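Dear colleague,

Please find below the structure that I am handing over to you.

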Amino acid sequence: MTTATNTPMTAAERRREHRAWYVYDWANSAFSTTVAGVLFGPYLIAIAEEAAVGDRISVLGVSVAPGALPSFTITASTLLSAVLLPLLGAVADRTSHKRQLLGGFAWAGALAAALLFFMKDDNWELGVVAFLVANLCFGAAAVVNDSILCLIADPDERDGVSSRGWATGYAGGGLLLALNFVVVSMHDTFGLSEGMAVRLSLLSAAIWWGLFTFVPYLGIKDRPPLAVEPAEGGLLQRSFGQLWHTLRDLRSYPVALTFLVAYLFFNDGIQTVIASASVYGVEELGFETGTVLATYLLVQAVAVFGALGFGRAAQSYGAKPVILVGLVIWMVIVTVGLFLPAGELVPFLAMGAAIGVVLGGTQALARSYFSLLIPTGKEAEYFSFYHAMERGTSWLGTLVFGIVYTVTDSYRPALFALIAFFVIGGAILTRVDTAKGIEQARQASVPAGS
């Protein structure tokens, strides 16, 4: 059993721990790309259409178009996350066993994702429930994983470490996606139906996520909690106490709060584009699932270099200006999507490449930038608020996307409507004072103890 310690590490030990941390992005990207990004949405729609009466299915008594079901599923998952993740963050800040929490949530999520293999015929309900659980565990593990960044990397290292983590994630997610592309696009060669090929690909993502999580679980050291709020009672009772204290005093960190509001908007736009791109490509532009998979491979490959490039740019110009440039590019992307011609592969590939350039970079820098604004002892708790608005758990964006699609019966205006999230998020981000936020976090007087 690993003993929690704050003993200073050598440079070589720090690099080994950084590399172990990178591998969790490699692990969980299998779920975010193969499952959430590409296959789950179109396959869920196909299964729901089998169960539809007319052109609608009943979800808790509400008539819903099958095409809107993936967006509403992600919305429901995020609402659950918004309630549960802040409490998880308070618990994580009070324990020295963060790597155990990381592994537990990742393995629970991988098990839920594996259940998607059994989504077939008209059994869309199983798919919705399994995805809800998997996506919730995905967010919970991400809270713990990102809080670990603050423990293993100094402030001046975090842009680089976070960007390399994202790049590693896109490399891993892209590699598995390439294998799944071969299986899905050449399913006849392997004696598989297209449905079975999709289900096997979903299962492979769950196995990948679970297996590679062992690397950070074994490679990251336990550390005792620092400067947590004093409170009476057991772990759960004390965690509620810390959560209440943070909610009450959040106004003491106005810069961090302003960034969270900005992130709520621009990340909802990013996540909705990611979650809806495959549905847009298949349902609106008429491409085959294999073509969309190939485009995602391009996105993954470009995103590796995009994340590394944004990390280097941040070292020269600072994270905030580079994020703002990325948001302008996102605005261009959703505008181009409004006019993208159906069935034309080259424009679709160009749009995918543009997404790859900004996808990893904006998210990696947002993670490291926010880490600078967090008071010591509340890393996981603040990242829990952050992840209530984060990748794969957007709710405002997916809700708007689903509503606009339902009203217009077209994915084009639904995609373009997301420009509002980038405009509003960018405008709020311009009001974030980086130096002031760092100083507020540094001066935060958080009593030590438990």
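The notes below begin with the basis of the values and then turn to the findings.

This is a predicted model, in which local features need pLDDT of at least 70 and side-chain atom pairs count only at pLDDT 80 or more, while totals for chains, interfaces and linings use all residues. Residues are numbered from 1 along each chain as its sequence is written, and side-chain values use heavy atoms, with hydrogens and water left out.

A search of the whole structure finds 7 salt bridges (a side-chain nitrogen of Lys or Arg within 4 Å of a carboxyl oxygen of Asp or Glu). Arg 367 pairs with Asp 25 at 3.3 Å, N to O; Arg 367 belongs to helix H12 (residues 345-371) and Asp 25 to helix H1, 342 residues apart (helices are DSSP runs of H or I, at least four residues, numbered from the N terminus). Arg 367 also forms a salt bridge with Asp 146, the closest N and O atoms being 3.0 Å apart. Asp 146 lies in helix H4, so this pair ties together parts 221 residues apart in sequence. Both Asp 146 and Arg 367 are buried (under 20% relative accessible area, with exposed over 50% and partly exposed in between; 1.4 Å probe, protein chains only).

A network of salt bridges links Arg 14, Asp 154 and Glu 157. Glu 157 is partly exposed, at 24% relative accessible area.

Yours sincerely

Terms used
Helix = DSSP H or I, 4+ residues; strand = E, 2+ residues; numbered from the N terminus.
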